[in-house]
Amino acid sequence: KKEKMGYCADSAVITPPIYIDNPSNVFLHDKTQLAMNSYIFATNAKFIIKANCCIAEGLTVHTGNHAIVLGSFCSDITEDTKPEGYDKDIIVESDVWIGCNVTLLSGVNIGRGATIAAGAVVNRDIPPYAIAGGVHAKFIKFKLTIDQILDHEASLYPIEERFTREQLSIIFQNQLT
């Protein structure tokens with residue numbers, strides 16, 4: 001299915017079996033690993049995994065959401081009759097680890113360097129370098145200090161792509177208050 005995807009880097013590793021309902025909306029970047037028994041439902045929105053991510057078995061992705069249409073039973077609503085705005089892209093930034101049996105729901109963005117604990121249901125954005133888990137996934141802690149993140153990124157990213165101390169301070173402050 002790699003050739004049917006919106007994009008799949010040659011270095012991406014996909015371990016079957018995997019189900020993808022609309023491969024043209026799936027984008028797997030360099031050195032991404034997607035393990036077996038994953039289900040990706042990206043019917044009307046994109047699922048984007050950036051470079052250097054490791055995703056364990058049992059990932060479930062839903063870029064869409066159920067709609068309510070007045071005067072219609074839920075069983076009568078189709079992709080063609082569903083109003084706009086219910087489907088949103090899911091983006092997994094680079095250097096993310098996702099544990100076993102995680103579910104990602106419509107519109108979430110997993111920040112660079114984050115770790116998602118096994119069994120989590122992610123229905124809101126996760127900040128960079130955070131550890132998140134639970135149903136519904138919540139921020140647990142940052143996995144590195146600001147100084148450690150700056151050192152880590154200095155080894156991996158060109159200067160124009162790195163977080164600054166100021167950006168990280170704001171991210172930390174927003175989560176810790």
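## Exercises on a predicted model

In this protein, take the contacts between residues at least 6 apart in sequence: 24% of them join residues at least 24 apart. The model is predicted, so treat each exercise as a reading of that model.

**Exercise 1.** Find which residues of helix α1 are buried, and work out why they line one face of the helix.

*Solution.* Start with the cut-off: a residue is buried when its relative accessible area is under 20%. In α1, which runs over residues 146–156, this picks out Ile146, Ile149 and Glu153. Now look down the axis of α1: the buried residues fall within an arc of 55°, so they line one face. Finally, ask what covers the buried residues of α1: the cover includes α2 (165–176).

**Exercise 2.** Give the order of the five strands in the open sheet, then say which strands stand at its edges.

*Solution.* Reading across the sheet, the order is β3-β6-β9-β12-β15, with parallel pairing. The edge strands are β3 (18–20) and β15 (121–122); each has a single partner strand, so one side of each lacks a neighbour in the sheet. Now zoom in on one pair: β9 (residues 60–62) and β12 (residues 103–105) are joined in the parallel sense by three bridges.

**Exercise 3.** Compare the radius of gyration of the protein with that of a compact globule.

*Solution.* For 177 residues, a compact globule would have a value near 16 Å. The protein has 17 Å, which agrees.

Definitions and conventions
Residues are numbered from 1 along each chain as its sequence is written. This is a predicted model: local features need pLDDT of at least 70, side-chain atom pairs count only at pLDDT 80 or more; totals for chains, interfaces and linings use all residues. Side-chain values use heavy atoms; hydrogens and water are left out. Buried means under 20% relative accessible area, exposed over 50%, partly exposed in between (1.4 Å probe, protein chains only). Helices (H or I, at least four residues) and strands (E, at least two) are DSSP runs, numbered from the N terminus. The arc is that of the directions from the helix axis to the C-beta atoms. Contact means heavy atoms within 4.5 Å. Two strands pair if DSSP finds at least two bridges between them. The radius of gyration is taken over C-alpha atoms; the globule rule is 2.2 Å times the number of residues to the power 0.38.
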